[in-house]
Amino acid sequence: MEHVIIANVPKDFRTSGVEVAQMMARVRAGDVRALARALSLVEDGGGAEVLAACREFAGRSLRVGVTGPPGAGKSTLVDQMVRWLRQQGQSVGVVAVDPSSPYTGGALLGDRIRMQDFAGDDGVFIRSMASRGAMGGVARAAADVCSVMEAAGRQTIVIETVGVGQDEVDVIGLADVTVLVLVPGMGDEVQSLKAGVMEVAEVFVVNKSDRGGAELVEQEIVAMQALAVGEGEWVPPVVRTVATTGEGVKELMETVRRCALEKGSRRVRLESADTLCVLGQGGLRLDHLGVAVKSIEGARGFYEALGLVVSHEETVEHEQVKTAMLPLGESRIELLEATEADSTIGRFLAKRGEGLHHIAVHVDGIDVMFARLTKHGVRLASDAVRVGAGGHRYFFVHPASTGGVLLEIVGDAVEPRKGGE
Ligand SMILES: Nc1nc2c(ncn2[C@@H]2O[C@H](COP(=O)(O)OP(=O)(O)OP(=O)(O)O)[C@@H](O)[C@H]2O)c(=O)[nH]1
Ligand SMILES: [Mg+2]
């Protein structure tokens, strides 16, 4: 009787407020049925509240993208990776993006048979999704699935996708580390892959290396890298595997871990020397709000009446700007006054008048952030990471990409302060 009553309640009501909070508490506690339900809500497009609740856990998992041509052995390899992670005591999420089958929530037959080994193991949660037809695009949908899995405390999330088109490259953009699976006998195909996924690969796998020709593919990859990889950049290592037996998988996972550490895109917590890392929040926080004013002397009175105190004043010659910092909670307000009419702030004042000039967000790995935003096609207003006041490194994101406000990304100072915390 009771469930009949519940079934008649409008869907909005059933999936909002208290109930979402309760469901999310269960998701956080590791309840896989709650996780499945939260994912269904999100996939049906009714998961705004679920996603909002997941936000504070963003960036806690290590996301490993596995891509490569059809039949390269990706699923077999993912299966072995999951096995290895389970041996390390990690909880794992798998997102399989299936390019061809309709959006049924079911895996490909082959995947299903293999992954059945994990049936009954709550430490492995597998979600399949179609790459076409998902609302807002497959990358969006996969990102949402990852967010929920992250909130559910999955320490590593493996994303499998067929590396053939832009959709797949977008999906792989979600990953912290991207593994490209190739096989012997590809020869010229390696060349043809060059334009797409080849560039996003951070670890190369030559799978099926029980067959002849593994060396040849490896040589092809190395030859290509000699041309493509810049000085001081991460040189994607090549690992040989036999996914059917698990050979080389340990080495692959150690390489993935090393890549994640080296990229240093996020704070890294190592549970033990040979456990894969779980990555932290990336140090994202509001650093300051920049307010353009005609005169700092004229403007500071209000802020002081408000109870704020100017902690630091500085003139940055090369930017023709005078600044005054007023700490506010964990962030600050920065007043900006032009020292020349024909300067960035001077022109802003002439065009828009006084007001909010930019928002500054702090990030731990500024170089990785610069590369990541570039890779995502975000329009930047700086051509490189620069050094500004106090030795801090920064770059600007153009308002065209942020919803109309200039965004400054701030990293740590060039010389980290010694003795501090
Ligand atoms: N000999 C050999 N066969 C392998 C190896 N890895 C995978 N295979 C076989 O290759 C076939 C394809 O493997 P899958 O894991 O389904 O490949 P996939 O890349 O996931 O394929 P799609 O998802 O369809 O793109 C299967 O028959 C596997 O058993 C390997 O290392 N050696
Ligand atoms: Mg597969």
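We'll go through the helix packing, the ligand shell and the sheet.

Modeller: A word on the model: it is predicted, so local features need pLDDT of at least 70, side-chain atom pairs count only at pLDDT 80 or more, and totals for chains, interfaces and linings use all residues. Residues are numbered from 1 along each chain as its sequence is written, while chains are lettered from A and ligands numbered from 1 in the order in which they are written.

Colleague: How do I read a helix pair, and at what angle do H4 and H8 pack?
Modeller: Two packed helices are described by the angle between their axes and the distance between the axes. Here H4 (residues 32–43) and H8 (residues 138–151) pack at about 155°, axes 10 Å apart. That makes H4 roughly antiparallel to H8. The helices are DSSP runs (H or I, at least four residues; strands are E, at least two), numbered from the N terminus. Axes are lines fitted to C-alpha atoms, for helices over the stretch in contact, with angles from 0 to 180 degrees between N-to-C directions. Under 35 degrees counts as roughly parallel, over 145 as roughly antiparallel, 65 to 115 as roughly perpendicular, and the rest as oblique.

Colleague: Which residues of H4 and H8 meet?
Modeller: From H4 you have Leu35, Ala38, Leu39, Val42 and Glu43, and they meet Ala141, Asp144, Val145 and Val148 of H8. By class, the residues of that contact are 7 nonpolar, no polar and 2 charged. Contact is judged from C-beta atoms, placed from the backbone, within 7 Å. As for classes, Ala, Val, Leu, Ile, Met, Phe, Trp, Tyr, Cys and Pro count as nonpolar, Asp, Glu, Lys and Arg as charged, and the others, Gly among them, as polar.

Colleague: What surrounds ligand 1?
Modeller: A shell of 16 residues, the closest being Gly73, Lys74, Ser75, Thr76 and Ala243. A residue is near a molecule if its C-beta atom, placed from the backbone, lies within 6 Å of it. The shell divides into 5 nonpolar, 7 polar and 4 charged. Helix H6 (residues 74–87) gives the most, with 3 residues.

Colleague: Where does H6 meet H12?
Modeller: At Gln80, Met81 and Trp84 in H6, against Val249, Lys250 and Met253 in H12. The axes of H6 and H12 (residues 249–263) come within 10 Å and cross at roughly 75°. That makes H6 roughly perpendicular to H12.

Colleague: On to the sheet: what is the strand order?
Modeller: Strands of a sheet pair through backbone hydrogen bonds, either parallel or antiparallel. This open sheet has 8 strands in the order E11-E12-E13-E10-E14-E17-E16-E15, with mixed pairing. The edge strands are E11 (312–316) and E15 (386–387), each pairing on one side only. Pairing takes at least two DSSP bridges.

Colleague: In what sense do E11 and E12 pair, parallel or antiparallel?
Modeller: Antiparallel, over 5 bridges, and histidine 312 has methionine 325 in E12 as its bridge partner. The two strands form a hairpin with 4 residues between them, and glutamine 320 in the turn has a positive phi of about 50°. E12 and E13 also run antiparallel, joined by 8 bridges. Their hairpin has 2 residues between the strands, and glycine 329 takes a positive phi near 60°.

Colleague: And how do E10 and E13 pair, parallel or antiparallel?
Modeller: E10 and E13 are parallel, over 5 bridges, with glycine 290 opposite glutamate 334 in E13.

Key
Two residues are in contact if their C-beta atoms, placed from the backbone, lie within 7 Å.
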